[in-house]
Amino acid sequence: MKMEFLRTNRYAAGLLLILRLYLGWKWMTAGWGKITGGFDASGFIKGAVSKPVIDKATNELVYPTYHAFLENVALPGIGVFNNLVPWGEFLVGLGLILGALTTAAAFFGLLMNFMYMFAGTVSSNPWMILLGVFVVAAGANAGKFGVDYYLLPYLRSKFGRKARVSGVSDRSPIMDS
């Protein structure tokens with residue numbers, strides 16, 4: 001599949017809409033469950049620190065920098081992370097569902113998926129990474145059938161960017177054929 005197809009084609013934008021809705025729903029419901037369910041990341045982080053990902057051949061940490069981050073930043077600042085994680089998941093999901101700042105939402109979703117995997121959790125993260133890569137690679141076309149269709153041209157006009165973002169025109173979707 002050519003990248004041009006993914007970044008500009010109207011049919012690809014339709015497929016990306018389905019992909020966005022699926023990923024968005026997964027993220028949003030995960031975040032909402034944490035927001036309403038009294039989420040506490042300390043057990044997860046303590047588990048990741050006490051049982052880090054180890055290379056079986058050398059018995060060394062595979063992600064020593066991430067391990068140090070969890071131990072020295074995340075665990076002492078657990079209150080911040082108890083808010084960042086659920087709201088981050090919820091907002092990523094909302095952005096994907098609405099197609100608002102779609103590429104940024106997908107990027108931050110990928111980032112969270114990788115953080116979970118660095119901590120040693122596999123779960124649905126590889127699947128969500130695979131799907132999220134398509135959304136990020138599609139760029140603005142991923143949000144063509146969403147808020148981005150109107151938002152990105154507005155932001156370009158406000159911040160002086162004259163270059164056309166691939167896959168997004170300044171015309172209404174009703175006018176497109």
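**View 1. Where helix α2 meets helix α7 in this predicted model**. On the α2 side, Leu16, Leu19, Arg20, Tyr22, Leu23, Lys26 and Trp27 are in contact (heavy atoms within 4.5 Å) with Trp127, Met128, Leu131, Gly132, Phe134, Val135 and Ala138 of α7. Sorted by class, this contact holds 11 nonpolar, one polar and two charged residues; here Ala, Val, Leu, Ile, Met, Phe, Trp, Tyr, Cys and Pro count as nonpolar, Asp, Glu, Lys and Arg as charged, and the others, Gly among them, as polar. Residues are numbered from 1 along each chain as its sequence is written, and side-chain values use heavy atoms, leaving out hydrogens and water. Since the model is predicted, local features need pLDDT of at least 70 and side-chain atom pairs count only at pLDDT 80 or more, while totals for chains, interfaces and linings use all residues.

**View 2. The packing geometry of α2 and α7**. Helix α2 spans residues 10-36 and helix α7 residues 125-138; their axes lie 10 Å apart, at an angle of about 130 degrees. Axes are lines fitted to C-alpha atoms over the stretch in contact, and angles run from 0 to 180 degrees between N-to-C directions. The two helices are therefore oblique to each other, a label for angles that are not under 35 degrees (roughly parallel), over 145 (roughly antiparallel) or 65 to 115 (roughly perpendicular).

**View 3. The helices of the chain**. Of the 177 residues, 38% are buried, meaning under 20% relative accessible area with a 1.4 Å probe, protein chains only.

Key
Helix = DSSP H or I, 4+ residues; strand = E, 2+ residues; numbered from the N terminus. Buried < 20%, exposed > 50% of the residue type's maximum accessible area, 1.4 Å probe, protein only.
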